[in-house]
Amino acid sequence: EVARIVKWVSTTSDGSKADIEPQPMPEIWDRVVSDRDNCLGHQCPTYNTCFYFKARARMHEAHLLIVNHHLLFSDLAIRKSNPYAAVLPDYKYLIIDEAHHLEAAATEHASLAFSNVRVKRFLDLLCNRQMTGGLLVRFRAEHLIPLVDEIRDGANQLFGSILDWLNARGAKGWGDSITQRIDQPNFVPNVLDAPLG
């Protein structure tokens with residue numbers, strides 16, 4: 001799968017993931033893709049050929065940008081925390097089409113959504129259960145592996161207490177999934193902050 005992605009990188013014209021057929025397995029893609037948390041920017045050896053930075057350069061030269069609601073709200077969220085890290089170039093005017101989707105997109109970007117699976121996937125990137133791979137092993141930081149185990153236990157405890165809290169209030173779900181808007185802070189004990197810190 002990785003070899004197929006490497007081959008695609010040398011043949012794609014714009015780096016759009018939609019060009020890869022069939023789509024790569026999500027767990028493989030998550031391990032090879034860069035995002036803002038691990039991008040090296042100008043220090044990256046592939047900076048000059050990076051599709052993302054090429055697209056950003058073209059975007060900054062444009063007179064008109066057509067973006068979806070998700071990108072617009074991502075830009076607004078980033079500007080709120082750090083105006084110098086904006087996704088979109090500065091603009092004077094916005095024309096919002098399909099505004100009936102605006103509330104859902106705004107809610108998605110103003111809310112926090114996470115799952116036990118997402119937390120576990122993140123922890124597996126740090127160190128897998130067999131301690132044979134992951135960033136901590138790769139960068140010889142094995143002394144942090146007990147913290148990853150502590151976070152795994154904390155995640156189980158946290159999601160268990162969230163489920164208990166939801167069940168006590170009669171929350172309805174489908175299968176193992178419950179979607180519930182929660183506007184009460186500290187509704188369960190936060191057992192992840194300390195080990196993550």
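Partly exposed, as used in these legends, means a relative accessible area between the buried limit of under 20% and the exposed limit of over 50%. The views are taken from a predicted model, which holds 4 salt bridges.

**View 1. Salt bridge between Arg 4 and Glu 1**. The two side chains meet with an N to O distance of 3.2 Å. Arg 4 has a relative accessibility of 28%, so this residue counts as partly exposed. Glu 1, at 32% relative accessibility, falls into the partly exposed class as well.

**View 2. Salt bridge between Asp 90 and Arg 79**. Here the N to O distance is 3.0 Å. Arg 79 belongs to helix 4 (69–81), while Asp 90 sits in the loop between helix 4 and helix 5 (102–110), so the pair ties together parts 11 residues apart in sequence. Asp 90 counts as exposed because its relative accessibility is 70%.

**View 3. Salt-bridge network of Asp 75, Arg 79 and Asp 90**. The Asp 90 and Arg 79 pair of the previous view is part of this network, in which Asp 75 is also linked.

**View 4. Salt bridge between Asp 124 and Arg 152**. The closest N and O atoms of the pair are 3.1 Å apart. Asp 124 lies in helix 6 (residues 116–126) and Arg 152 in helix 8 (residues 145–168), and the pair links these distant parts of the chain, 28 residues apart. Asp 124 is partly exposed, with a relative accessibility of 27%. Arg 152 has a relative accessible area of 2% and is therefore buried.

Conventions. Residues are numbered from 1 along each chain as its sequence is written. This is a predicted model: local features need pLDDT of at least 70, side-chain atom pairs count only at pLDDT 80 or more; totals for chains, interfaces and linings use all residues. Side-chain values use heavy atoms; hydrogens and water are left out. Buried means under 20% relative accessible area, exposed over 50%, partly exposed in between (1.4 Å probe, protein chains only). Helices (H or I, at least four residues) and strands (E, at least two) are DSSP runs, numbered from the N terminus.
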